[in-house]
Amino acid sequence: MTDWIKRDSEAIWHPFTPLEGLDSPLMIEKAQGVYLHTTDERKIIDAISSWWVNIHGHSHPYLAKALAYQAQKLEHVIFAGFTHQPAIELAERLLNILPSTQSKIFFSDNGSTATEVGIKMAFQYFHNQGIKKNKIIAIEGAYHGDTFGAMSVGDRGPFTAPFDTFLFDVAFIEFPHSCQEDKVWQQFKNYIDQDDVATFIFEPIVQGASGMRVYDAKFLDKMIAYAQQKEVICIADEVMTGFGRLGTLFAADQLEHKPDIMCLSKGLTGGALPMGVTSCTANIQSAYQSNDLMKTFFHGHSFTGNPMTCALANASLDLLLTETCEENRQRIETQHRAFLKHIEHHALIRNARIMGTIMAFELNTDKDTSYFNEARHHLYPYFIEKGVLLRPLGNVIYIIPPYVISNNDLNYIYQTITQFLADYPSILKSLKKNQ
Ligand SMILES: *Cc1c(COP(=O)(O)O)cnc(C)c1O
């Protein structure tokens, strides 16, 4: 039985994918560097790092070796009451590269659990001290994951509609576009000044899922400073921005005021296996340092601190911290800037922006930028057919490549986008005819 696609459709429920009405998934045989190889021998450039996770390219031999070595030595052990070298090394190395205020590492399974842990850590910080604070501030458009706590602090929209009544209350401030910073500042300050805010959670500098929206680091700095002055725990969700994505190792490196809690995942293992990390300051930790059992942080997952995943993350850090990797990130940004100059005045696009290795722009369509903007349904197959994996968010087209991508491959992506902009008017026309 080799009709894999039929077998897939009978047995598998894919993420973020309707069960009816979509094209079949593509069968991938193998992946190397930035290329995904399909079973029908097509080659597709992974221009979105397989959902923003991959940083060193696919099937990297150095990572594969580290994983294989660890798999044969110690594949897993319960992490309560036991520990091991890969986890200890990873925690130490993370603390070395994270802002110096971070002092403890808590492992979990993915980005959603990393933010769940961050939120729980912040709430229990106050609970352990008998302080009543129960409000949480988040930014409109936020995405912090798909579990209930993470969903609660994320944007409410079509994706969360079935669950809205079960999500806890969150005070949302508007997105701090440069044109409305004063207004957002007032909203933020009003909430903070009520003195019942426990925590403020945010994606620093770039909000990913809402369409790679960039806001001013200085404005975020001002918010963090004010929040911390009022003893509000600031949680930076660096699940997407961490590990060099914005050029610097962490978005927090571009801030003067450092977060109290940081959430990491995606690039942590180079994008090869899932793992989440939540780090915190000595101050957060101090609220848990007690002989009173009830002040324990009772949270854990079966696979917390998995040795293979830790070994992989350590190997990924080896690569991340090389000069080559840093040069690659700078090179990508330089290439993006040159391309942006080329297209920023194109009549069909607006709001072109670059932050580190990410480049994004919006297509001028008549509708808003929501995920259901129909532009997306024509863009995705168009690019796949040309051998480029781009997965637009509504009418936002973005590139977020593995750092090892060559200038040639980058240029091919740019050319494909340029070609698309040339073809777009006639694509639209034929669509209208078909309606
Ligand atoms: C992807 C993402 C998450 C969720 O991570 P998962 O591993 O998919 O659960 C959380 N926060 C941000 C900012 C993300 O980009």
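**Ligand site**

I started at S112, where a polar side-chain atom lies 2.5 Å from an oxygen atom of the ligand. I am counting a polar contact as a pair of N or O atoms within 3.5 Å. This is a predicted model, so I kept its limits in mind: local features need pLDDT of at least 70, side-chain atom pairs count only at pLDDT 80 or more, and totals for chains, interfaces and linings use all residues. Residues are numbered from 1 along each chain as its sequence is written, and side-chain values use heavy atoms, with hydrogens and water left out.

Next I looked at G111, and found a polar backbone atom 2.8 Å from an oxygen atom of the ligand. At Y143, a backbone N or O atom is 3.4 Å from a nitrogen atom of the ligand.

Which residues are around the ligand? I listed W52, N110, G111, S112, Y143, H144, G145, E203, D237, V239, M240 and K266, taking a residue as near if one of its heavy atoms lies within 4 Å.

**α3 against α10**

I then turned to the helices, which are DSSP runs (H or I, at least four residues) numbered from the N terminus. Helix α3 (residues 61-73) and helix α10 (residues 307-320) have axes that come within 8 Å and cross at roughly 150 degrees. The axes are lines fitted to C-alpha atoms over the stretch in contact, and angles run from 0 to 180 degrees between N-to-C directions. α3 and α10 are therefore roughly antiparallel; the cut-offs are under 35 degrees for roughly parallel, over 145 for roughly antiparallel, 65 to 115 for roughly perpendicular, and oblique for the rest.

In contact (heavy atoms within 4.5 Å), I noted Y62, L63, A66, L67, Q70 and A71 of α3 with P307, M308, A311, L312, A315, S316, D318 and L319 of α10. By class, I get 11 nonpolar, two polar and one charged. Here Ala, Val, Leu, Ile, Met, Phe, Trp, Tyr, Cys and Pro count as nonpolar, Asp, Glu, Lys and Arg as charged, and the others, Gly among them, as polar.

**α4 against α10**

Helix α4 (residues 85-97) also has its axis within 8 Å of that of α10, crossing at roughly 40 degrees. That makes α4 oblique to α10. I found P86, A87, E89, L90, R93, L94 and I97 of α4 meeting P307, C310, A311, A313, N314, L317 and D318 of α10. This contact has 10 nonpolar, one polar and three charged residues.

**α7 against α8**

My last pair was helix α7 (residues 181-193) and helix α8 (residues 217-229), packed at about 15 degrees with axes 11 Å apart. That makes α7 roughly parallel to α8.

Terms used: Helix = DSSP H or I, 4+ residues; strand = E, 2+ residues; numbered from the N terminus. Polar contact = N/O pair within 3.5 Å; in protein donor to acceptor, adjacent residues only side chain to side chain.
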